[in-house]
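Please look at the sequence and the structure shown here, and keep both in view while you read the briefing.

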Amino acid sequence: MTTDVRSVAPVAEPLRFVFLHGWSLGPAQWSPLVERLDAGSEVHHAVLPGHAGSPESPGWSVDSLATQLLEAQPPGIWIGGSLGGQVALAAAALAPEAVHG
């Protein structure tokens, strides 16, 4: 799994978004929404195993992906669709203090 972090503009306390793409998709799924965020937003994209050029990760589960992402991402507003939605919900159940939205 890889992550891509893009800060649109430096601010004291930016809104942080963690976008999780759906099955067979990639971060580009969220491009239309990301383009409309405030300039002060901090955007994190997780590329799930086997998607968008990310290497396969045999034996992964929704919970294992959620755990890995919780370790790698700062607290923020998590937005996911399809598989990404399942991972976001699992992360919220594991660490509700880190997952907003």
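This is a predicted model: local features need pLDDT of at least 70, side-chain atom pairs count only at pLDDT 80 or more; totals for chains, interfaces and linings use all residues.

Residues are numbered from 1 along each chain as its sequence is written, and side-chain values use heavy atoms, with hydrogens and water left out.

**The whole chain**

- The chain has three helices and five strands, where helices (H or I, at least four residues) and strands (E, at least two) are DSSP runs numbered from the N terminus.
- Read along the sequence, these elements come in the pattern β-β-α-β-α-β-α-β.
- Of the 101 residues of the chain, 40% count as buried, a word that stands for under 20% relative accessible area, while exposed stands for over 50% and partly exposed for values in between (1.4 Å probe, protein chains only).
- Among contacts (heavy atoms within 4.5 Å) with a separation of 6 or more, 71% join residues 24 or more positions apart.

**Helix H2**

- In helix H2, which covers residues 62-72, the buried residues are Leu 65, Ala 66, Leu 69 and Leu 70.
- Seen down the axis of H2, these buried residues fall within an arc of 135 degrees, so they line one face of the helix; the arc is that of the directions from the helix axis to the C-beta atoms.
- An α-helix has 3.6 residues a turn, so residues three or four places apart point the same way.
- On the other side of H2, Glu 71 and Ala 72 are exposed.

**Helix H3**

- The twelve residues of helix H3 (residues 83-94) should span 16 Å at 1.5 Å a residue, and the end C-alpha atoms are 17 Å apart, which agrees; the expected span is 1.5 Å times one less than the number of residues.
- The buried residues of H3 are Leu 83, Gly 84, Gly 85, Val 87, Ala 88, Ala 90 and Ala 91, and their cover includes strand E2 (16-20), H2, strand E4 (76-80) and strand E5 (99-100).

**Strand E2 and its partners**

- Strand E2 is mostly covered, with four of its five residues buried.
- E2 pairs in the parallel sense with strand E3 (residues 42-47) over five bridges, and with E4 in the parallel sense over four bridges; two strands pair if DSSP finds at least two bridges between them.
- Val 18 stands opposite His 44 in E3 and opposite Trp 78 in E4.
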